[in-house]
Amino acid sequence: MKSYETILTEMIGVHLLQVTLNRPEVGNAKNTQMGLDLLDLWTRLIDDPGDVRCIVLTGAGDRIFCAGGDLKQRKGMSPKQWQHQHEIFERGRDMLLELPVPVIAAINGHAYAGGLETVLVCDFAYAVRDARFALTEVTLGIMPGGGGTQTLARVVGERRAKEIILTGRPSRRWSGA
């Protein structure tokens, strides 16, 4: 398996690939490099999954699965650079959806913004008891750009999705129940 700058990959046994978002110092926030690393990995697995029969996606550390996009990096970007990064993130999300094997989100901490949007496109999601979920970007006047407004309603129901999207408040309960 190829080595990456912002993600760790490890075969667990013969058929299980663990992918770890590895930027714990910034809440595993997605920067352009992480987007490129994930896009490369997903593309390779679509082209040839080899012995991989299942993927577990998690975050480094024990506090945050993924805080979403790296807003410090985004703040210094020109509109053209931001558009390029957004296209990388969109392609990565689309490739994640196309993977020929199931993807399990092992949510080891909070999943905010783009982190929650990533969870929403995984096949299964299991979280630690104190994990919180939110589309926090709305509190900054940023529209969820990773499909969260569409996929969230499919997962938790329309009314609960509206509450999560319109308030941006972190919640432990994200089910439709």
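Which residues lie nearest the centre of the largest pocket? I put this to the model, which is a predicted one. I found Gly68, Gly69, Phe89, Gly114 and Glu117 there, out of a lining of 37 residues.

**Entry: the pocket.** I looked up its volume next and noted about 660 Å³ of space in the largest pocket. I then checked which elements give two or more residues to the lining, and these are H1, helix H2 (71-75), helix H3 (79-98) and helix H4 (114-120). H3 provides the largest share, with nine residues. I sorted the lining by class and got 18 nonpolar, twelve polar and seven charged residues.

**Entry: the sheet.** I turned to the strands. Five of them form an open sheet with mixed pairing, in the order S1-S2-S3-S5-S7. Strand S1 (7-12) and strand S7 (124-127) are the edge strands, each pairing on one side only. I noted a twist that averages 20 degrees from one strand to the next.

**Entry: S2 and S3.** Do these two strands run parallel or antiparallel? I found strand S2 (residues 16-21) and strand S3 (residues 54-59) to be parallel, joined by six bridges. I looked up Leu21 and found that its bridge partner in S3 is Gly59.

**Entry: H1.** I followed helix H1 (residues 32-47), which packs on the sheet and touches S1, S2 and S3. The direction of H1 makes about 170 degrees with that of S2.

Notes:
Residues are numbered from 1 along each chain as its sequence is written. This is a predicted model: local features need pLDDT of at least 70, side-chain atom pairs count only at pLDDT 80 or more; totals for chains, interfaces and linings use all residues. Side-chain values use heavy atoms; hydrogens and water are left out. Two strands pair if DSSP finds at least two bridges between them. Helices (H or I, at least four residues) and strands (E, at least two) are DSSP runs, numbered from the N terminus. Axes are lines fitted to C-alpha atoms, for helices over the stretch in contact, and angles run from 0 to 180 degrees between N-to-C directions. Contact means heavy atoms within 4.5 Å. On a 1 Å grid over the protein atoms alone, a cavity is a set of points where a 1.4 Å probe fits but cannot get out, and a pocket is an open set with protein on both sides within 12 Å along at least five of seven lines; lining residues have an atom within 4 Å of a point. Grid points are joined across faces, edges and corners, and a volume is the space filled by probe spheres set on the points. Ala, Val, Leu, Ile, Met, Phe, Trp, Tyr, Cys and Pro count as nonpolar, Asp, Glu, Lys and Arg as charged, and the others, Gly among them, as polar.
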